[in-house]
Amino acid sequence: MTRDKSKILCIDDEPNIVRSLQWLLQREFEVHTAGSGQEALALVQQHDFDVVISDQRMPVMTGVEVLREVKRLSPRTMRILLTGYSDMPAIVKSVNESEVFRFINKPWNIGELPQVVAQAAEIARSRPAESGEEVTEETPLVANGDCILVIDDDPAMAQAVSDVVGEAAKVSYTQNLADAVDILNREPVSVIVSETRVGSIDATRLVRLMKSRHPEIVTVMLTDDGDADTVTALINQGQIYRFVPKPVRSGYLKLVINSALRKHSSLSLEPALNGRHAVEATAAGTVDSLMIDVQWAAMQHEARGEVRRTGFMAAFGAGFRRLFGV
C-alpha cells in the first residue's frame, strides 16, 4: 500500500518565493501555500500538516509569531523558519517561543532544503507529539533531585540558579570545560546552563556535541554578546531549549529552569520524543578541535599552579571518549 505524501504548508508574503518553494517540494510532498500568517493559521485549523515552513519577515504577523501559534494549534507539526537576513531578536524568539526544528537562511540550498523537510516530515509522522504544557513564572518548580550543570566564568550565575532551585535540585558549577566533561561523566545531568564562551573557549561545541549523543539533556544558553550565526548553529546542531541574553531577571530564570527541568522529565520518561529534536551533524573535526582546546586550557591551569588531582588529564581523555564515542 502506497503511503500518502506528507502534507507541507509554505508561508511567505512574496508570491515568487511561495512558487519557488512549491516547485521545489511538490514532487515529494503535498504542498499547500499561504501568503500571510492569518491565512496560514486558518489552513492549520483545517488540515493536519506534517511540516510548516514560514518566512520571518511578513506584515501583520512575523514568522516567529505564526510558528508559535502553529505549535499551540498543532503540536505534532514540525516547524521551520526561513529568513533572508540576520535578525538576532527573531532568531532568539524562534528558539524561545516557536521551538523551531531548523532555522534556514535565504537563499536556501535547493539540494538540502528538501532533505531537511523530508526529515522533519518523517519525524512528525513517526514520533509522538509533545505536550503543550505552559509554564509561567508562577508555576511551581518541579525538580526531583535533578542535577543542573552551570558552566560560566561568573560564579554569580551558579548562585542565581541555586537560589532558584533551592534544595530541589543539585547545582554543579565549573568555570572550565575540562571539569564540565568530568562532571558530565560522574553525574546524571538533566540540564546544562552554559555561557557561549568559557574562558577563551567556544563552549557551544560542547553543548552541540552533547545533544547529538545525549538528546535527553536539555540546554539553556546564556550570553551578553549575541551572534546570529552562533545561535543558528545552536538551533540546527544543538536543538538548544532556550537562549537567554544576560543579565537575566531572577523571575525569568526560574521560569526557564523550571521549564527545562520539565522538558528533561518528558524526554526521559518518553524517549521517543527525543527524535523530535534530531540535530544536524557538526562539522568534521569538531570533536578533535574541542578536545585539543580543552586540553590546552587545562594545561594552562596547571602551569599557573592551580591544583588538579593526580591523573586528571588521563581521566579527562577517557571521559571525553566516553561522552563522545571517540
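This dialogue reads a few features of a predicted model.

Q: Which residues of helix α1 are buried?
A: Start with the general idea. An α-helix has 3.6 residues a turn, so residues three or four places apart point the same way. Now the case here. Helix α1 spans residues 15-25, and its buried residues are I17, V18, L21, L24 and L25. They lie on the same side of α1, because they cover an arc of only 130° around the axis.

Q: What does the face of α1 turned away from its buried side carry?
A: That face holds the exposed residues P15, R19 and W23.

Q: What covers the buried residues of α1?
A: The cover includes the strands β1 (7-11), β2 (30-34), β3 (51-55) and β4 (78-83). Helix α5 (112-126) is also included.

Q: How do helices α8 and α9 pack?
A: Two packed helices are described by the angle between their axes and the distance between the axes. Here α8 (residues 204-213) and α9 (residues 228-238) pack at about 20°, with axes 9 Å apart. The two are therefore roughly parallel to each other. The crossing of α8 past α9 is right-handed.

Q: Which residues of α8 and α9 meet?
A: From α8 come T204, V207, R208 and K211. From α9 come T230, A233, L234, Q237 and G238. By class, this contact has three nonpolar, four polar and two charged residues.

Q: Where is R276, and is R276 buried or exposed?
A: R276 sits in the loop between α10 (250-269) and α11 (286-303). R276 counts as buried, because its relative accessibility is 5%.

Q: Which residues does R276 contact, leaving aside its neighbours within four places in sequence?
A: Among them are R76, M78, F101, I123, E130 and Q239. R76 is 200 residues from R276 along the chain, yet their C-alpha atoms are separated by 9.4 Å.

Methods:
Residues are numbered from 1 along each chain as its sequence is written. This is a predicted model: local features need pLDDT of at least 70, side-chain atom pairs count only at pLDDT 80 or more; totals for chains, interfaces and linings use all residues. Side-chain values use heavy atoms; hydrogens and water are left out. Buried means under 20% relative accessible area, exposed over 50%, partly exposed in between (1.4 Å probe, protein chains only). Helices (H or I, at least four residues) and strands (E, at least two) are DSSP runs, numbered from the N terminus. The arc is that of the directions from the helix axis to the C-beta atoms. Contact means heavy atoms within 4.5 Å. Axes are lines fitted to C-alpha atoms, for helices over the stretch in contact, and angles run from 0 to 180 degrees between N-to-C directions. Angles under 35 degrees count as roughly parallel, over 145 as roughly antiparallel, 65 to 115 as roughly perpendicular and the rest as oblique. A crossing is left-handed if the near helix is turned anticlockwise from the far one by less than a right angle, and right-handed if clockwise. Ala, Val, Leu, Ile, Met, Phe, Trp, Tyr, Cys and Pro count as nonpolar, Asp, Glu, Lys and Arg as charged, and the others, Gly among them, as polar.
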